[in-house]
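Let us walk through this structure step by step.

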Amino acid sequence: MKFIQTLKVAVIPVLSVLSLLSASNKVLADYLNNQGSGGDYRYELWSTDDNIRYYLKVWLYEASPNSDPYTTTRRFPSTREALIYFDCKYGGKNLPECPNVQ
């Protein structure tokens, strides 16, 4: 009987904590903020679950909407920087900010 009580006291709290941790990880998700196109490409602008970082998923304009992205960019600190990057690198625009795009 003592073994069962010890098991209840030790195992049940540990399993409860692990269950909560795994559930909270499943809730975290990135969010689609914007879509657009330019040049021969189209993009989706995504934000991390905390809205601190943004990234682009880029496709060739003619690619199927269900296809994997042509590329997924690095993360940016703002939507502005992400969209400038797209315009300069993929959209064919010549903006004053473009020389900084690599």
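This is a predicted model. Start with helix α2. Its buried residues are covered by parts that include β1 (31-38), β2 and β3. Which residues of α2 are buried? They are Ala-82, Ile-84, Tyr-85, Phe-86, Asp-87 and Cys-88.

Now turn to the strands. Four of them form an open sheet, in the order β1-β2-β3-β4. The pairing is antiparallel. At the edges stand β1 and β4 (71-72), and each of these pairs on one side only. In general, strands of a sheet pair through backbone hydrogen bonds, either parallel or antiparallel. Between β1 and β2 there are seven bridges. Helix α2 packs on this sheet and touches β1, β2 and β3. The direction of α2 makes about 165° with that of β2.

Leu-32 stands opposite Trp-46, which belongs to β2. Over the face of Trp-46 lies Lys-57, at 4.5 Å from the ring centre.

Next comes the core. As a rule, nonpolar side chains tend to be buried together in soluble globular proteins. Here the largest nonpolar core has eleven residues. Among them are Tyr-41, Tyr-43, Leu-45, Leu-56, Phe-76, Ala-82 and Tyr-90. Three elements, β2, β3 (54-60) and α2, each supply at least two residues of this core.

What does Leu-56 touch, leaving aside its neighbours within four places in sequence? Its contacts include Tyr-43 and Leu-45, along with Ala-82, Tyr-85 and Phe-86. Thr-71, Thr-72 and Thr-73 are also in contact with Leu-56.

Finally, look at the aromatic rings. How many aromatic pairs does a search of the whole structure find? The search finds six. Take Tyr-41 and Tyr-90: their ring centres are 5.0 Å apart and their planes meet at 65°, so this pair is edge-to-face. Edge-to-face requires an angle over 60 degrees. Tyr-41 lies in strand β2 (residues 41-47), while Tyr-90 is in the segment after α2 (79-89), so the pair ties together parts 49 residues apart in sequence. Are these two tyrosines, Tyr-41 and Tyr-90, buried or exposed? Both are buried.

The pairing extends further. Ring pairs join Tyr-41, Tyr-43, Tyr-70, Phe-76, Tyr-85, Phe-86 and Tyr-90 into a cluster.

Technical notes. Residues numbered from 1 in each chain as written. Predicted model: local features only at pLDDT ≥ 70, side-chain atom pairs only at ≥ 80, totals over all residues. Heavy atoms only, no water. Phe/Tyr/Trp six-rings, centres within 6.5 Å; stacked < 30°, edge-to-face > 60°. Helix = DSSP H or I, 4+ residues; strand = E, 2+ residues; numbered from the N terminus. Buried < 20%, exposed > 50% of the residue type's maximum accessible area, 1.4 Å probe, protein only. Lys NZ or Arg CZ within 6 Å of the ring centre and 35° of its normal. Core = buried A, V, L, I, M, F, W, Y, C linked by side-chain atoms within 4.5 Å. Contact = heavy atoms within 4.5 Å. Pairing = 2+ DSSP bridges. Axes fitted to C-alpha atoms, helices over the stretch in contact; angles between N-to-C directions.
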